[in-house]
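Grab a pencil and have a go at these exercises. Each one comes with a solution you can follow step by step.

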Amino acid sequence: MSLIKKPEELPIKKTVLGGIYGQPSLGKSTLALSMPRPLLLDTDGGLHRVQAEYRTDSVPVTSYDDILSVLKEDLSNYDTIVIDTLGKLVDFMCEKAASENPKLLQGDGTFSQKGWGVVKNYFKQLVKDLDRLDKNLIFVAHEKEERQGDEKYIRPDVSGSSGKDIIKELDFLGYMEVVGKKRSITFMPSSKVYAKNSLGLDNYVEIPILQKGDKNTFLTDYVLKPTIERRKNEFKVNLNYEEVLAKAKEIIEKEGITEESKKKLRELPKINDSQLRIKGMIDDASKPKA
């Protein structure tokens, strides 16, 4: 069987990797559990803070080895893994790295640059493992405030230098806050707030308050479903793009470069830079043969 895949044979990715952080008691955990069929890896003992009707299956995590053990279990009943909190997860990764190689610790007990590199690799491997299992992955984090002079900056509360590296791996990172009496989440990065939006989400969204009996589906409805639909549409566009270029190649090979063939080429659908690519085909075909 050939390893070469045609565009129409490539799978459409149906999972996302994201993070939520913000002020205390805003319902970050409940929001994370609004993804489809979630399993909570509870690194911070926080499930009791989730309203009873919105709780889900969970794993009390006391070390990074607990998470590695979970990945070996049958997770077919779950579409999403929620890790709450990200900061505690990184702490567990640090403990594991230090126990396996004490030389990663400096004289003052802090991690060396090499140590943070090990933690970064742990994180990347975790993401790969869950991607291989075809699971969504959502992180919940507390916020921390940093100051430079009179300026205040808000970041996810993650130890050491790992925060920025982790954000690079995410499809989205949303900051939750209260404006007036309304909860909101922003995916728009700014000089004051860390955020990320590579899924084409609205920059700023109000989060509805769940009433008794409401289904907890905000991230499923607002993030996951539109993302999958957008990816399908992009796939169709790319597929049509390849079909246009294939048709152009066929016309040139059969008819050469004539006024009639140029007319047919101009009449092909214009998708992205297809006409520019076709012009390049015409120029190449028009060059004298060596």
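**Exercise 1. Find the helix that holds Asn240, then say whether Asn240 is buried, partly exposed or exposed.**

Step 1: Asn240 sits in helix α6. Helices (H or I, at least four residues) and strands (E, at least two) are DSSP runs, numbered from the N terminus. A word on the source: this is a predicted model, where local features need pLDDT of at least 70 and side-chain atom pairs count only at pLDDT 80 or more, while totals for chains, interfaces and linings use all residues. Residues are numbered from 1 along each chain as its sequence is written, and side-chain values use heavy atoms, with hydrogens and water left out.

Step 2: Asn240 has a relative accessibility of 35%, so it counts as partly exposed. The cut-offs are under 20% relative accessible area for buried, over 50% for exposed and partly exposed in between (1.4 Å probe, protein chains only).

Step 3: Now look along the chain to Lys270, which is 30 residues from Asn240 in sequence. In space, the two C-alpha atoms are 9.9 Å apart.

**Exercise 2. Check the span of α6 against what its residue count leads you to expect.**

Step 1: Helix α6 covers residues 218–255, which makes 38 residues.

Step 2: Just past α6, Gly256 has a positive phi of about 70°.

**Exercise 3. Work out how β2 pairs with β4 and with β3.**

Step 1: Strand β2 takes in residues 38–42, and five of its five residues are buried. Pro38, Leu40 and Asp42 point one way, while Leu39 and Leu41 point the other.

Step 2: Two strands pair if DSSP finds at least two bridges between them. Five bridges connect β2 with β4 (residues 80–84), and these strands run parallel. Here Leu40 is opposite Val82.

Step 3: With β3 (residues 58–60), β2 has three bridges, again in the parallel sense. Leu41 has Val59 as its bridge partner in β3.

**Exercise 4. Explain what the salt bridge between Lys192 and Glu151 ties together.**

Step 1: Side chains of opposite charge can pair when their charged atoms come close. A salt bridge is counted when a side-chain nitrogen of Lys or Arg is within 4 Å of a carboxyl oxygen of Asp or Glu. The whole structure has 14 of them.

Step 2: Lys192 and Glu151 form one at 3.4 Å, N to O. Lys192 is in the loop between β8 (182–186) and β9 (196–197), and Glu151 is in strand β6 (residues 151–156), so the pair ties together parts 41 residues apart in sequence.

Step 3: Compare that with Asp221 and Lys225, whose salt bridge comes in at 3.6 Å, N to O. These two are four residues apart in α6, which means about one helical turn separates them. Asp221 is partly exposed at 40%, whereas Lys225 is exposed at 51%.

**Exercise 5. Sort two aromatic pairs, Tyr21 with Tyr175 and Phe187 with Tyr222.**

Step 1: Rings of Phe, Tyr and Trp (its six-membered ring) pair if their centres lie within 6.5 Å; planes under 30 degrees apart are stacked, over 60 edge-to-face and the rest tilted. That rule gives seven aromatic pairs.

Step 2: Tyr21 and Tyr175 are 5.1 Å apart, centre to centre, with 50° between the planes, a tilted pair. Tyr21 belongs to strand β1 (residues 17–22) and Tyr175 to strand β7 (residues 172–179), so the pair ties together parts 154 residues apart in sequence. Tyr21 is buried at 0%, and Tyr175 is buried at 3%.

Step 3: The ring centres of Phe187 and Tyr222 are 6.4 Å apart with planes at 20°, so this pair is stacked. Phe187 lies in the loop between β8 and β9, and Tyr222 lies in helix α6, 35 residues apart.

Step 4: Ring pairs also gather Phe172, Phe187, Phe218 and Tyr222 into a cluster.

How values were computed. The expected span of a helix is 1.5 Å times one less than its number of residues.
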